[in-house]
Amino acid sequence: MYKLAPSILAADFKKLGQEIETISRAGAEYIHIDVMDGMYVPSISFGMPVIQSVRSCTDKVFDVHMMVEEPGRYAEAMKDAGADLLCVHQEACCHLDRTIQQIKGLGMMAGVALNPATPVETLEYVLDQVDMVLLMSVNPGFGGQKFLPYVLDKIRRLRAMLDARGLATDIQVDGGIGLGNVKDVMESGANVIVAGSAVFGGDAAANVQAFHHIFEEMER
Ligand code: DX5
Ligand code: ZN
């Protein structure tokens, strides 16, 4: 039920393929891929050619987090590069409903991400159309930032909205999560955990296993 999505933004890019193989072998369920365009967020990370070149390293879910203005422009190219799940920011889509339909029409799972200050109620009318909601627990753009504690309340609020509609939609939380606070995030109702520096800062395989031990404890 719980899934770990290590963010490769924190990996060593000079051996990116090996890093992805390491976390895949250790059992990470998703590969979280942060795409940044230098407009929606200040940084620029990487795009389709890099994603395509590491696609053959694993058969795990490529969970592509689009920190990009009007990400619908790249939906088809991301599908071709190997994305399985395309997550777009509500704040970056002028026509969110259309973009969600476009992603699903291409055969990908559709996710919608919200910045810390964006209320969950903004998703009221699209909630039943998405496979996953990503709640940012830092302001997007950089790895290694501090978790914003008020997001725990947002997770609870979103889980209650989903429960009220009988939806079992995934709630992913991204930013500042480590072994010390992941339990709080799960107890609030999230089930897909992104971790960048907490996985790749040190022994990545051992860190994946440490997260999974906590998941097992929670599932018991
Ligand atoms: C932030 C990215 C995150 C980031 C997480 O803009 O969306 O996925 O890489 O890194 P940590 O876990 O180090 O906060
Ligand atoms: Zn991310």
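Me: How many Å separate an oxygen atom of ligand 1 from an N or O atom in the side chain of S7?

Reply: A polar contact is a pair of N or O atoms within 3.5 Å; within protein, one must be able to donate a hydrogen and the other to accept it, and residues adjacent in sequence count only if both atoms are side-chain atoms. Here the separation at S7 is 2.9 Å. An oxygen atom of ligand 1 also lies 2.8 Å from a side-chain N or O atom of D34, and one is 2.8 Å from a polar backbone atom of G176. This is a predicted model, in which local features need pLDDT of at least 70 and side-chain atom pairs count only at pLDDT 80 or more, while totals for chains, interfaces and linings use all residues. Residues are numbered from 1 along each chain as its sequence is written, chains are lettered from A and ligands numbered from 1 in the order in which they are written, and side-chain values use heavy atoms, with hydrogens and water left out.

Me: How many residues surround ligand 1?

Reply: A residue is counted if one of its heavy atoms lies within 4 Å of the molecule. For ligand 1 there are 20, the closest being D34, G141, D174, G196 and S197.

Me: Which element gives the largest share of the shell around ligand 1?

Reply: Strands are DSSP runs (E, at least two residues), numbered from the N terminus. The largest share, three residues, comes from β2.

Me: Where does ligand 1 sit?

Reply: On a 1 Å grid over the protein atoms alone, a pocket is an open set of points where a 1.4 Å probe fits, with protein on both sides within 12 Å along at least five of seven lines. A molecule sits in one if more than half of its atoms lie within 2 Å of its grid points. Ligand 1 sits in the largest pocket.

Note on methods:
1 Å grid on protein atoms, 1.4 Å probe; cavity = no way out; pocket = protein on both sides within 12 Å on 5 of 7 lines; lining within 4 Å. Helix = DSSP H or I, 4+ residues; strand = E, 2+ residues; numbered from the N terminus.
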